[in-house]
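Dear colleague,

Please find below the structure that I am handing over to you. My notes on what was found in it follow directly after.

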Amino acid sequence: MTRDRYSLAAGLIFAAVIVVAVVHTIENKNEGTLGLDKLEARWPLPGFAVPDAAGQLEGDANVAQDDCASSGTPCPAGERRAPACGLRVRGALRVCDFFDRPLVISFWFSRGGNCIGQQDAVSRLYGRYRGRVGFLSIDVRDGRGTVRDLIRERDWRMPVGYDRDGAVAALYRVGGCPTFAYVYPGGTLQDASIGELTAPQLEAHVESLLRATRVAKSAPSARSASSYPSIRGTS
């Protein structure tokens, strides 16, 4: 995953405790912050692929989409890139591969706040809900060695992706640490939160996601459909 092929020029400004992502590539110009501002119901999550932080793959995230017209997310016309969810590279984590079940995505970085402690809670929930709920943690712009050390020292079990240049955080409108996205099977947003949660609060969000998923499955439209709505390009 080379830098010139898979990177995205996206600004991410870090303060002591907060990240402010300003995204100008969203087609509808809705620049709300994930977890703070209300997004459209069932917001379809953009695809991305990032290096597994614990692995050997180097490079920036791939956030290229396969369908510019429908996604409203980065899809550069002048440079032909493999869409993130069509990428086949050993050591890459594709968000689309987690869309087969309810999913919790945690965006974090090590500077300020209690984001590291929050990842400890994510790891515990990963063990408790494994098989029913997927968990994907995304580190934003820390040193790769720092992230690897944390994974090893704190014995994190969930997959941890590495967003070296902040492209995924910008694409997802991440505005603080930690930010959680709670996702229906198929890759649409159920809810989001920003800021530190207690372990019971985080578990309550997971249980709410499971309940919402059961309700969605029992709805007439869901019974007549073969699968949940998903972003294009999944495989």
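The lining of the second largest pocket divides into seven nonpolar, two polar and five charged residues. In this classification Ala, Val, Leu, Ile, Met, Phe, Trp, Tyr, Cys and Pro are nonpolar, Asp, Glu, Lys and Arg are charged, and the others, Gly among them, are polar. The volume of this second largest pocket is about 220 Å³. Its lining consists of 14 residues, and those closest to the centre are K38, L39, L189, Q190 and D191. Strand β9 (residues 188–194) contributes the largest share of that lining, with four residues. A pocket here is an open set of points on a 1 Å grid over the protein atoms alone, where a 1.4 Å probe fits and protein lies on both sides within 12 Å along at least five of seven lines; lining residues have an atom within 4 Å of a point. Points are joined across faces, edges and corners, and the volume is the space filled by probe spheres set on them.

Please note that this is a predicted model, in which local features need pLDDT of at least 70 and side-chain atom pairs count only at pLDDT 80 or more, while totals for chains, interfaces and linings use all residues. Residues are numbered from 1 along each chain as its sequence is written, and side-chain values use heavy atoms, with hydrogens and water left out.

As for the protein overall, the secondary structure comes to seven helices and nine strands; these are DSSP runs numbered from the N terminus (helices: H or I, at least four residues; strands: E, at least two). Of the 235 residues, 52% are buried (buried means under 20% relative accessible area, exposed over 50%, partly exposed in between, with a 1.4 Å probe and protein chains only). Among contacts with a separation of 6 or more, 75% are between residues 24 or more positions apart, where contact means heavy atoms within 4.5 Å.

Two side-chain pairs deserve a description. R164, in the loop between β7 (160–163) and α5 (167–171), makes a side-chain polar contact of 2.7 Å with D60. A polar contact is a pair of N or O atoms within 3.5 Å; within protein, one must be able to donate a hydrogen and the other to accept it, and residues adjacent in sequence count only if both atoms are side-chain atoms. D60 lies in the loop between β3 (49–51) and α2 (68–71) and is buried, because its relative accessibility is 0%. R164, by contrast, is partly exposed at 30%.

S137 belongs to strand β6 (residues 134–140) and counts as buried at 1% relative accessibility. Leaving aside residues up to four places away in sequence, S137 touches S106, W108, Q119, V122, M158, P159, V160 and G161.

Finally, some backbone features. The peptide bond between C177 and P178 is cis, with omega of about -5°, and P178 lies in the loop between α5 and β8 (179–184). R173, found in the loop between α5 and β8, has a positive phi of about 60° although it is not a glycine; R173 is buried at 4% relative accessibility. R42, in the loop between β2 (19–21) and β3, has a positive phi near 55° and is partly exposed at 29%.

With kind regards
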